[in-house]
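Grab a pencil and work through these exercises with the model open beside you. Each one sets a task and then walks through the solution.

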Amino acid sequence: MVATARTSVRASSLKFLNSPREVRTRLDESGLPVDIDMSAFDMTGRRGRRTPAAQWVAIRSVDDKWKVGPDEWWRGEAHMIERMYFELRLEDERRLTVFRDMVNGGWFRQEDV
Amino acid sequence: MQSRLERIIACVYIPHFAVQAEAMRRADAGFNRMPVVIARSSESSTSGGRTVLDCSHELTDLIPGMPLSEALSRHPGAVIVEADEQYYADLFEAVLDALQDVVPVVENESLGVAYAGAWGLERLYGNDAHIVRLLAEAAGKVAALDVRIGLGPNKWLAHLAAMESAPHSARKVIGDPGRFAARFPIEALPVPIETIERLRSFGLEKLGDIAAFPEGAVAAEFAPEGRLIWKLANGFDDRPVVSRHVVERISEYTEFPSPTVSQAIVLPAIESLLDRALGRLGASNRYVRKVELMSHVFQRAPWSMSVAFKEPIGTRSLALFAIKAKLDRTEIPGPLEDMRLTFSSLTGEPGRQESLWSDIRRQARLTHYMQQLQARLGTEVPVFRMKELEPWSRLPERRYALVRLSS
């Protein structure tokens with residue numbers, strides 16, 4: 001049998017793209033985000049050096065929201081996935097996609113959703 | 001010696017190899033009669049300065065790695081010689097090549113110490129005495145060195161047997177391994193000098209002193225080498241003989257009439273060496289990715305410079321252009337006495353056959369550029385490609401991943 005010409009893929013050699021990154025938010029009474037701390041990101045939207053002071057930016061609107069999960073519940077509660085996604089428009093017209101992890105309550109940012 | 005070969009390992013031991021190498025190339029016959037210390041600059045030494053690489057056999061209280069200042073305080077009349085490690089390495093490589101003409105498995109343990117797998121050669125050579133004779137003759141053909149050979153069931157015992165044998169003779173380990181190893185000093189252990197001093201601070205002078213303790217105690221006290229130390233002290237060694245990887249090189253050498261820093265003299269010498277080396281390369285229909293220049297500097301440590309080419313080359317003009325460009329940016333530390341030019345990272349193919357399909361050509365070019373980068377950087381190249389894993393996944397982080405490209 002002729003070996004495949006493709007490079008073999010090993011788990012240790014993979015770097016997953018678009019991993020969620022934790023972000024701080026302020027919520028209103030209904031649990032929707034009203035402000036988001038942009039201090040982890042530079043003006044181009046890429047992850048920059050975290051500055052000591054928070055840079056809160058107001059959220060103008062929630063343009064869309066959807067839910068993913070509950071999924072992978074068979075792996076136990078620690079690995080279960082349940083997320084509420086929000087597509088946000090900030091007051092400076094930037095768009096951002098965040099989700100709330102319904103299992104541990106944390107907020108995360110994720111691109112190219 | 002026994003006539004039937006069991007699994008036997010031979011240790012070819014050339015004591016004080018650097019000193020012997022220096023004595024070989026010095027016309028001064030008195031060099032052998034004076035106490036000599038070979039010194040090297042060591043960035044890793046705790047003293048941050050120069051340390052002992054090797055010394056004459058009569059300086060029994062000096063250990064490789066010892067700070068030079070301490071060595072001189074013990075022997076103020078010793079002659080200090082600057083280490084020429086490239087010369088010692090080349091000479092020992094020649095010895096290893098000669099040994100490998102006799103037995104197929106040869107391991108380069110360290111400068112002056114090599115292991116040879118002497119098993120399975122009965123039909124070829126007969127008994128082990130004959131193999132020992134052939135190994136000694138092979139080493140002797142390279143240079144008139146004091147070669148000692150030890151035979152044992154493992155590398156460590158073979159090494160000890162070689163250390164105990166007389167000049168130009170051999171010894172074989174027979175009987176209890178622990179009892180044989182017990183009488184050797186702790187300085188024989190292949191551990192750093194700091195560990196030797198720690199052992200001595202516990203009153204342990206011989207391997208037998210260490211073997212008297214339980215394995216766990218020694219392993220705990222002298223971690224991380226403790227377990228190895230205890231095993232070697234008891235004559236146990238399960239390390240396999242790992243055959244050396246022969247890196248093919250083409251090397252040419254010239255001497256300057258007098259030490260010089262003038263580029264008007266150095267460049268023509270480089271051009272001449274390049275022509276000669278390329279002539280040998282062309283005969284084998286191959287190309288080179290990297291060239292190394294090495295020179296002895298008058299009253300200073302040797303100087304070296306390496307140049308990795310963007311493309312594997314086989315022509316003089318391209319090689320000279322790259323070498324000149326780097327030489328212009330490099331400061332030569334002093335007058336050069338000679339010049340050695342070495343081609344390494346030789347390619348196997350005489351030319352490049354490209355595929356009809358553009359995708360495969362693109363992949364082949366990418367692989368080729370990565371090989372160039374790897375030769376230049378000397379490490380794995382951080383180049384990745386995006387791979388689809390589960391593009392349909394509702395979780396964005398599961399859809400794509402970066403996979404390292406391997407050359």
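**Exercise 1. Count the residue pairs in polar contact across the interface of chain A and chain B, then describe the chain A side.**

Step 1: Apply the rule, in which a polar contact is a pair of N or O atoms within 3.5 Å; within protein, one must be able to donate a hydrogen and the other to accept it, and residues adjacent in sequence count only if both atoms are side-chain atoms. With both residues at pLDDT 80 or more, that gives 5 residue pairs between chain A and chain B.

Step 2: Look at which strands of chain A face chain B. Helices (H or I, at least four residues) and strands (E, at least two) are DSSP runs, numbered from the N terminus.

Step 3: Sort that side by residue type. It divides into 9 nonpolar, 6 polar and 7 charged residues. Here Ala, Val, Leu, Ile, Met, Phe, Trp, Tyr, Cys and Pro count as nonpolar, Asp, Glu, Lys and Arg as charged, and the others, Gly among them, as polar.

A note on ground rules: this is a predicted model, where local features need pLDDT of at least 70, side-chain atom pairs count only at pLDDT 80 or more, and totals for chains, interfaces and linings use all residues. Residues are numbered from 1 along each chain as its sequence is written, chains are lettered from A and ligands numbered from 1 in the order in which they are written, and side-chain values use heavy atoms, with hydrogens and water left out.

**Exercise 2. Find the salt bridge partner of A:Glu72 and describe its backbone.**

Step 1: A salt bridge needs a side-chain nitrogen of Lys or Arg within 4 Å of a carboxyl oxygen of Asp or Glu. A:Glu72 pairs this way with B:Arg398, with the closest N and O atoms 2.7 Å apart. The count between the two chains is 2 salt bridges.

Step 2: A:Glu72 sits in the loop between β5 and β6 of chain A. Its phi is near 55 degrees, a positive value in a residue other than glycine.

Step 3: Check A:Pro70, in strand β5. The peptide bond from A:Gly69 to A:Pro70 is cis, with omega near 10 degrees.

**Exercise 3. What does the pair A:Arg60 and A:Glu93 tie together?**

Step 1: A:Arg60 and A:Glu93 form a salt bridge, with the closest N and O atoms 2.3 Å apart.

Step 2: A:Arg60 lies in strand β5 and A:Glu93 in the loop between β6 and β7 (95-101) of chain A, so the pair ties together parts that are 33 residues apart in sequence.
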